[in-house]
Amino acid sequence: MLAIKLQRVGKKHQPSYRLIVAEKKSKMAAPPVEDLGAYSPFTKTAAFNKERIAYWVKMGAQPTLTVHNLLVAQGVLSAPKMAVKMKKKAVTAADAATVAAPAVEEKTAETPEA
C-alpha cells in the first residue's frame with residue numbers, strides 16, 4: 001500500500017522534511033515513488049504540489065497522521081484534524097523501584113522530639 005509521508009533531510013539539529021509517496025513499510029532512506037513537496041518545521045513553511053497530492057489520494061495513497069494534519073492546516077485536504085497518539089516510554093526496573101518506594105523523611109537536629 002502506498003503512503004504519503006515525511007522523509008527527514010537536513011543536518012543534525014536542523015531538520016527539514018520532504019513530502020513523498022512511498023510504500024507504507026519501506027525504509028526511511030528507500031527511494032520514493034514521487035516527491036510532492038517540502039516542509040520546514042523551524043520556519044513553518046510548506047511548499048506542496050496540491051494537484052499531485054490530490055491525484056495520489058484519489059489513487060488510494062493514505063497520508064500518515066502527521067501528514068494528514070499538515071495538509072489540513074495548509075488547506076490541501078478538507079477534513080478534520082486527527083489526534084496523533086504518542087507511545088509511552090517503557091518503564092525499566094530501576095525506574096519502577098524509585099517510583100514504588102515511598103520517600104523517607106530524614107530527621108534533622110533542629111526538630112525536637114517529644
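In the hairpin formed by β1 and β2, where 2 residues lie between the strands, His13 adopts a positive phi near 65°; helices (H or I, at least four residues) and strands (E, at least two) are taken here as DSSP runs, numbered from the N terminus. The model is predicted, and local features therefore require pLDDT of at least 70, side-chain atom pairs are counted only at pLDDT 80 or more, and totals for chains, interfaces and linings use all residues. Residues are numbered from 1 along each chain as its sequence is written, and side-chain values use heavy atoms, with hydrogens and water left out.

Strand β1 (residues 2–11) is joined to strand β2 (residues 14–23) by 10 bridges in an antiparallel arrangement, two strands being treated as paired if DSSP finds at least two bridges between them. Within this pairing, Gly10 has Pro15 of β2 as its bridge partner. Strand β1 is also joined, in parallel, to strand β5 (residues 62–63) through 2 bridges, and here the bridge partner of Ile4 is Pro63.

Most residues other than glycine have a negative phi. His13, which lies in the loop between β1 and β2, is exposed, with a relative accessibility of 69%, where buried means under 20% relative accessible area, exposed over 50%, and partly exposed in between (1.4 Å probe, protein chains only). A positive phi of about 60° is likewise found for Lys44, which is not a glycine; Lys44 is placed in the loop between β3 (34–40) and β4 (45–48) and counts as exposed at 58% relative accessibility.

With neighbours within four places in sequence left aside, the contacts of Leu19 include Ile4, Leu36, Phe48, Ile53, Val67 and Leu71, contact meaning heavy atoms within 4.5 Å.

The structure holds 1 aromatic pair. This pair, Tyr55 and Trp56, is edge-to-face, with 5.3 Å centre to centre and 75° between the planes; rings of Phe, Tyr and Trp (its six-membered ring) pair if their centres lie within 6.5 Å, and planes under 30 degrees apart count as stacked, over 60 as edge-to-face and the rest as tilted. Tyr55 is partly exposed at 32% relative accessibility, whereas Trp56 is buried, with a relative accessible area of 11%.
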